[in-house]
Amino acid sequence: MNKLLLKKMVVCPLLLAWLPLAALAQPKGWNDPFPPHKIMDNLYYVGTSQLSSFLITTPEGNILISTDYETSVPVIEAAVKQLGFNFKDIKILISGHAHPDHIEGDPLVKEMTGAQVVVGRLEVPYVKAFKNPKGKQQPIDRIVDDGDTVSLGGTTLTAHVLPGHTKGCIAWSLPLKESGKTYYGFLECSLNIQGMQFVGNTDYPNIVDDFRATHKKARSFPVEVWASSHGVFYGLDEKYAKLKARKEGDPNPFIDPEGYQAHVTEFEKKFDEVLAAQLSKAKAQ
Ligand SMILES: [Zn+2]
């Protein structure tokens, strides 16, 4: 890895989010703690400063979505504890999309909690091939497809496969209640395209068609409350600042249907630009 790339990674750590399943050290600062907080109802943020993890609490135990790096796990554990919950009460672990910064911690969380590990079917080959830096095998206990549900203690999450960023990227929806109203909650996977090859990608020949279908599908959800695999995608810093300053009667800052649609539009535009540039470069060669 050359010095310039290394420098770029520090300046723009998101560059790493797309990297293939190589075991790289996590970018500096990504595991810094972030204040854990309630998003709405029984949905909590327990991730690090750059990597999202979500806890869904129920009377029959809790669900964790995404473990991040193995070195993120103690940060997540501390966040769960700080909210007053027991890490060992995690009964189900929904694995994040199949990139190291979302799944490397799965074996450790499985060891610590014995949770059932849920993985999307299209991610299974990559999860199995993933070279965990400690040589651990990635756990897979249940495989899910588009439309499948995960239920525990009265809460049900629905899987929505939105391929492109990975071949089986899954977003999860769940109903969330606040002040007598029920909102459509949506935990987005990722629409990030940084560093991706759209022309002549032999590992993922239908990547362009997948992304196009995903942008269309992403718009179709009646999203009201949303979050994503990286805080930067949904304006976590700004929304958390609003949450902290929130007074009675103020709206919950995570209710953001327009922000969600704008996010899809922004990432679709980036995709179109990069695809056009790659196509014209290929033509010129
Ligand atoms: Zn990723």
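Two strands count as paired if DSSP finds at least two bridges between them. I start my notebook with that, along with how elements are named: helices (H or I, at least four residues) and strands (E, at least two) are DSSP runs, numbered from the N terminus.

**Entry 1: ground rules.** I am looking at a predicted model, where local features need pLDDT of at least 70 and side-chain atom pairs count only at pLDDT 80 or more, while totals for chains, interfaces and linings use all residues. Residues are numbered from 1 along each chain as its sequence is written.

**Entry 2: confidence.** I looked up pLDDT, the predictor's confidence in each residue, from 0 to 100. Its mean over the protein chain is 92, and 91% of the residues reach 70 or more. Residues 1-23 have a pLDDT below 50, and beyond near neighbours in sequence this stretch has 36 contacts in the model. A contact here means two residues whose C-beta atoms, placed from the backbone, lie within 7 Å.

**Entry 3: the sheet of 5 strands.** I followed an open sheet in the order β8-β9-β10-β11-β12, and its pairing is mixed. At the edges I found β8 (149-152) and β12 (225-227), each pairing on one side only. Neighbouring strands are turned by 25° against each other on average, direction ignored. For such angles, axes are lines fitted to C-alpha atoms, for helices over the stretch in contact, and values run from 0 to 180 degrees between N-to-C directions. Strand β11 (residues 181-187) runs parallel to β12, joined by 3 bridges. Within β12, V225 stands opposite G185.

**Entry 4: the sheet of 7 strands.** Here I read the order β1-β2-β3-β4-β5-β6-β7, again an open sheet with mixed pairing. Its edge strands are β1 (37-40) and β7 (142-144), each with pairing on one side only. The twist from one strand to the next averages 25°. I also checked β5 (residues 90-94) and β6 (residues 116-120), which pair in the parallel sense over 3 bridges. V118 in β6 is the bridge partner of I94.

**Entry 5: two helices.** How do α6 and α8 cross? The axes of α6 (residues 207-219) and α8 (residues 257-284) come within 10 Å and cross at roughly 160°. I noted V208, F211, H215, A218 and R219 in α6 meeting Q261, V264, E268, F271 and L275 in α8. By class, this contact has 6 nonpolar, 2 polar and 2 charged residues. Nonpolar covers Ala, Val, Leu, Ile, Met, Phe, Trp, Tyr, Cys and Pro; charged covers Asp, Glu, Lys and Arg; the others, Gly among them, are polar.
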